[in-house]
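Hi there,

Here is the structure I promised to pass along. Have a look at it first, and my notes follow below.

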Amino acid sequence: MLKVGLVGSGFMGSTHAAGWAQTPAQFVGICSADTARAGKLAAQYGTQVYNSYEALLDAVDVVDICTPTHLHHEMTLQAARAGKHVICEKPLARTPAQGREMIAACEAADVKLLVAQVVRFFPEYAAAKGIVERGEIGKVAVVRLTRCAYQPKLAADNWFLDPAKSGGMMLDLMCHDFDYARWIAGDVDSVYARSVRSADPTAPEDYSIAILRHTSGALSNVEGAWAYPPPMFRTALEIAGDAGLIEHPAGSSTPLGIHLKAKAGGDAPDVGLPASPLAEDPYTTQLKHFYNILTGAETTPRVTAQDGLAAVQIAHAAMESARSGRPVRLSEVQ
Amino acid sequence: MRIGILSFAHLHAESYLGALLAMPDVTVVGIADDNAERGRYFAGQFGVTWFESYAALLAEKPDAVIVCSENANHRPLVEMAAAAGAHVLCEKPLATTVEDARAIVEVCQQYGVQLMTAFPMRFSSPALEVKKLMASGGLGRIYGVNATNQGALPEFHQAENLPFLKRDWFVDKALAGGGALADHIVHLADLLRWYLGEEVTEVYAASNTILHGGRVSVETGGLVMLTFESGAFASVDCSWSKPAYYPTWGGLALEVVAEGGLVTMDAFKQVMTVYSHSAGRPRYAWWGSDANAGMLREFIAACGENRTPAVTGADGLRAVEIVAAAYESVESGDAVRVG
């Protein structure tokens, strides 16, 4: 039985902890800078807290890295040195150079590196991919993707808002749709993006639109925001092909309308999530798939570390374009 | 007010004529069309006089005319109308080149006739609500806009399958000025200039020919980024990406992210979906207010008072400049400065 360890106990750490509980994996333990939060999660899922990352690595076959983005690089290199497989939360790395090093280290150590680009596991996005793959809408021409939320809230150490740690909204959030656009329309040649720092001129960009030119000739319009009024979170996708069209506007497939009277002290959650109830949440679907890849039950990962690296590169090209005001070729951010 | 229509090449001529005929203070002088079959057809449909030449209609001394020809023919028709002393409502885009658009504005000034560019979106009730909200300061600073003005391939825009009603000039670069970029940038460019009260300073555009690739030679897919004086940016999807069997012709929608929050506007959402055995596919039935009628009312009022209309020829010229910059950007691959 595969032994899994989790590092990080924030929003994604707790989401993945719940996911692992749904797999046959042996959930060996959790390591986190926030030991109190780790303790709570460990109690909830019947596992233990490790006080050091090294100790956790010693005890596992695979480590699931759910820490802030800037830590992915070093933690992955350490895991590779220890000969452990890695599942890494998106974005794969803070910079393309770090991402490349991570991939090289895991290849050299002959361990797997899987990147949690979870949007590929959201059923509506996976369904649209299937429709495109089956040729139902022909050759892809124009892709429109939207993922807009409010500023992530964290009580202490809001690393999301520190560009050195998160890369900002254009990396942290838009990497989802940069990856998805590439999944649908293939490799990207160049990016032109505009952005704004609406909340604070010293904070990272929090609203941006990027136009991607794909090698195939297709174009993508990718919109991302942390500038929405809370608790709004909207995603939308549209794919136009030469033989058809897929439309999935924001809110168009929400099956429930629950409008309860406000309770005193009610507030929005820390990070907005779309509300569409499913028998299995996409994070669990993703971890089950990764489990099968690691055990050899499935051979082709739905998303590779190279895909994760490409998304980081597109995000960096977009940030450079927004900064310089000119279109940026992907070859410039290799 | 006596009004005539010059050419039925553009499908909007049909809705304009319908709206004019419903206005008690308007007399429709008639329609002229260099396509005699088409002109006679619509004259018969609407019960109005058909003139076999534009000069013959203008000889009737109409107070005003609406020019609905192919884009490239706007200039000669506006020149004739202005010389005949008729005020002009000209279909968008005002022209296929900046030079022609400028000439159209100048000739109307020279003959002292009013010139309005047909941008009906400024009279769309949902679009007006957004303008009101912005004008009241309710949104604060505008950061960015994600906008779409997509449609079906315009040559599908015909009510009946009669060969002389074919609108294939829309996909003829010489007559239309280009494809999707020429057709569908101008409405949003104008609406956003009006909303923001600012000019566009930079244009980036990317286009492709994947949609309807075997059928037409002009670009059918396009994404454009407009940057305004304040730094506000707007992405415009002008693609002809709606299939022929889509429930309606297309649409125009935008999302504004601003200091004060988020505003979404879909100008063509006031519809119900109709499933009819005879149609064989769903159709959106519009029940919202008629923006074209609002635009025509403003044109008639401006002509009657001999004042500048709410939407001017200069507005049309600015939009043509933006389209020209978009084509230049596609050509060079770089963002292009405007103005």
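How many helices and strands does chain A have? Chain A has eleven helices and 13 strands, where helices (H or I, at least four residues) and strands (E, at least two) are DSSP runs numbered from the N terminus.

A word on conventions: this is a predicted model, in which local features need pLDDT of at least 70 and side-chain atom pairs count only at pLDDT 80 or more, while totals for chains, interfaces and linings use all residues. Residues are numbered from 1 along each chain as its sequence is written, chains are lettered from A and ligands numbered from 1 in the order in which they are written, and side-chain values use heavy atoms, leaving out hydrogens and water.

The C-alpha trace of chain A spans about 55 × 50 × 40 Å along its principal axes. Of the 334 residues in chain A, 56% are buried (under 20% relative accessible area with a 1.4 Å probe, protein chains only; exposed means over 50%).

Just after H6(B) comes Gly137(B), with a positive phi of about 80°.

Happy browsing!
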